[in-house]
Amino acid sequence: MKLVKLIIRILISLVVLVSLLIGIMMVAEVSIPLDNLRQPFIGTVEESTGREVKIEGDVRLTVSLFPALVMDGLQFANEASWQDEIFMSLGKTRIQVSLLPLLQGEFEFKEVSAEQAVINLEQKADGSKNWSVVHREDGKQVDTRAGEADTVQISDRVFVNKFKLVDITFTYRDEKLGRVITDHLDELQINSHDRRRLTIELAGDIDNIPYTVKAKSDLLRNLISGKPWNLDAEGEIGGRPLSLTGDILITDGSIDGNLDLQISKVDIGGLLEFLDITQGLEFTSEQVQVRADLKGDSLHDIVNQSDFEFVLKDGLWKLGSHVDKRFQTISFQNATIYSKQSQDLDMKFSGKVGREPLDLRLQISPLEAFIKG
């Protein structure tokens, strides 16, 4: 009987001790400098990406129930032929690993996160892209930027549960279109706990107008492997609801798909000014729907090869005279703008000037002409 009591006490003590250790590991993070890991890590990443990699700050390991590799100032370089020296730079980068799946031969990254991300994307007139996959075979670099099919092998035994970027600045240059687009995002977060579907959260602001978007989509590996990718999103911009659905297929780097976007109470003039298409247009709409059949492998080709339909309902268009500085407001019930593969924009407008009915049909320059300014 005494022996049984002793065994029970020992087991209880072990359970308490293990629970205490687990609690300490979950709360406490012991940081261990790992500067000797810098060059092996850089070498591995350079070998797999074909890019020059730098780590400007410290490299350390935090020991807890979910150990993490922490790096400061991680940079991926562009080749000399691109305008920006850096393809992507990350501030404090944290790669957190789950221990238990390792025992089963699985790599489960509990979280991959980074702060102060800067991403520079560029596409040349010949179609080459600085973000295309670059890998090495038999010690030789294989570059798929010339338009060949990008192939990426993603192991079914590697999982990233959470991917998070905070304070993101990105630039996109399209040499053929002659446009440079720069924007800032407060936060991008992708969760894949389901392992069948992604949950995406996006937050930022456009000209001090905040927006938030939450979306569900197929796994990103569908895009990479040439399978259909479905997206369903809802959110707000400036307190106004928006919804977006889409189906995208990427084959040999070319996009083929459709999008359907709906937004309530939109300042059309402000949006066109933000896109550098026109300025000073006082144009609002209670509801806007954008349908797009997308085709192309660059922003230039998408603008010229895709079909767009813009449907505006219940809005106001304030027109001003440059001669006598007088204004006239046009109210409309419906306005539709069609853009088809480099053809002139076709606009149908039905409304009133004061009490007088007005029906207009206009044909104006192609969409590319407005985007080019």
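Two strands are taken as paired if DSSP finds at least two bridges between them. Helices (H or I, at least four residues) and strands (E, at least two) are DSSP runs, numbered from the N terminus.

The structure is a predicted model, in which local features need pLDDT of at least 70 and side-chain atom pairs count only at pLDDT 80 or more, while totals for chains, interfaces and linings use all residues. Residues are numbered from 1 along each chain as its sequence is written, and side-chain values use heavy atoms, with hydrogens and water left out.

**View 1. The hairpin of β15 and β16.** Strand β15 (residues 240-251) runs antiparallel to strand β16 (residues 254-267), and 10 bridges join them. T251 stands opposite S254 in β16. The hairpin has 2 residues between its strands, and D252 in the turn has a positive phi of about 50°.

**View 2. β16 against β17, with V290.** β16 is also joined to β17 by 12 bridges, in an antiparallel arrangement. Q262 has Q289 in β17 as its bridge partner. V290 is placed in strand β17 (residues 282-296). V290 is buried, at a relative accessible area of 18% (buried means under 20% relative accessible area, exposed over 50%, and partly exposed in between, with a 1.4 Å probe and protein chains only). The C-alpha atoms of V290 and D260 are separated by 5.8 Å, although the two are 30 residues apart along the chain. Leaving aside neighbours within four places in sequence, V290 is in contact (heavy atoms within 4.5 Å) with L259, D260, L261, E309 and F310.

**View 3. The hairpin of β19 and β20.** Strands β19 (residues 327-340) and β20 (residues 345-353) run antiparallel and are joined by 8 bridges. The bridge partner of S331 in β20 is K352. There are 4 residues between the strands of this hairpin, and Q341 takes a positive phi near 35°.

**View 4. The salt bridge of D346 and R361.** Side chains of opposite charge can pair when their charged atoms come close. A salt bridge is defined as a side-chain nitrogen of Lys or Arg within 4 Å of a carboxyl oxygen of Asp or Glu. D346 and R361 form such a bridge, with the closest N and O atoms 2.7 Å apart. D346 lies in strand β20 and R361 in strand β21 (residues 356-364), so the pair ties together parts that are 15 residues apart in sequence. D346 counts as buried at 13% relative accessibility, whereas R361 is exposed at 56%.

**View 5. The salt bridge of R60 and D72.** The closest N and O atoms of R60 and D72 are 3.2 Å apart in this salt bridge. The pair links distant parts of the chain, with R60 in strand β3 (residues 59-63) and D72 in strand β4 (residues 68-77), 12 residues apart. D72 is partly exposed, at 23% relative accessibility.

**View 6. The salt bridge of R173 and D84.** The side chains of R173 and D84 meet at 3.1 Å, N to O. R173 is in strand β10 (residues 162-174) and D84 in the loop between β4 and β5 (86-97), so the pair links distant parts of the chain, 89 residues apart. D84 is buried, with a relative accessible area of 17%.

**Context for the views.** The chain contains 7 helices and 21 strands. Of its 373 residues, 35% are buried. The count of salt bridges comes to 7.
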